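Subject: Structure for your review

Dear colleague,

Please find below the structure that I am handing over to you. My notes on what was found in it follow directly after.

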Amino acid sequence: MSYHIRTARVPNSETKLFREGGRPHYNVKIYLEADELDQVDSVEYKLHETFKNRHRIGRDRMNKFEIRIWSWDYFNARAKVIKNQGAPEAIQGLIKWWNL
């Protein structure tokens with residue numbers, strides 16, 4: 001079984017500034033791509049250390065275990081795929097949102 005972290009900008013979302021003079025942030029969805037999502041219970045994402053809440057869990061199989069974040073730059077993220085049976089599988093991927 002092959003698992004991949006994928007990203008996309010949230011359609012029709014405007015950029016957001018979190019502080020005056022700060023960089024524009026983009027609303028990004030992070031989700032799991034896999035052949036057999038039925039074999040997955042949840043995905044535990046570990047975001048960049050600059051995130052206040054860097055540990056997030058995606059539980060909705062219908063939305064491919066999606067989470068949403070605001071980001072202004074690319075970064076590497078790790079995830080643990082929690083399966084129905086067998087050991088969890090660690091994966092990682094580049095979180096990017098432009099040119100998507």
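How many bridges pair β2 and β5, and in which sense do the two strands run? There are five bridges between β2 and β5, and the pairing is antiparallel. Strands here are DSSP runs (E, at least two residues), numbered from the N terminus, and two strands pair if DSSP finds at least two bridges between them.

Please note that this is a predicted model, in which local features need pLDDT of at least 70 and side-chain atom pairs count only at pLDDT 80 or more, while totals for chains, interfaces and linings use all residues. Residues are numbered from 1 along each chain as its sequence is written, and side-chain values use heavy atoms, with hydrogens and water left out.

Strand β2 covers residues 26-34, and seven of its nine residues are buried, where buried means under 20% relative accessible area, exposed over 50% and partly exposed in between (1.4 Å probe, protein chains only). Within β2, I30 is the bridge partner of T7.

The four-stranded sheet

An open sheet is formed by four strands in the order β4-β3-β6-β7, with antiparallel pairing. Its edge strands, each pairing on one side only, are β4 (55-58) and β7 (89-95). On average, neighbouring strands of this sheet are turned by 25 degrees against each other, direction ignored; the axes behind this value are lines fitted to C-alpha atoms, and angles run from 0 to 180 degrees between N-to-C directions.

Strand β3 (residues 40-46) pairs with β6 over six antiparallel bridges, and V43 has V81 in β6 as its bridge partner. Strand β6 (residues 75-83) is in turn paired with β7 by seven antiparallel bridges. Two of the partners in β7 may be named: A90 for K80, and I91 for A79. β6 and β7 form a hairpin with five residues between them, and G86 in the turn has a positive phi of about 90 degrees.

Two residues with positive phi

Most residues other than glycine have a negative phi. K64 is not a glycine either, and has a positive phi of about 60 degrees. K64 lies in the loop between β4 and β5 and, at 39% relative accessibility, counts as partly exposed.

The largest pocket

The largest pocket holds about 520 Å³ of space. A pocket is an open set of points on a 1 Å grid over the protein atoms alone, where a 1.4 Å probe fits, with protein on both sides within 12 Å along at least five of seven lines; lining residues have an atom within 4 Å of a point. Of the 18 lining residues, H25, T50, F51, W70 and W72 are the closest to the centre of the pocket. Strand β5 (residues 67-71) gives the largest share of the lining, three residues. By class, the lining has seven nonpolar, six polar and five charged residues; Asp, Glu, Lys and Arg count as charged, Ala, Val, Leu, Ile, Met, Phe, Trp, Tyr, Cys and Pro as nonpolar, and the others, Gly among them, as polar.

With kind regards

Methods. Points joined across faces, edges and corners; volume = space filled by probe spheres on them.
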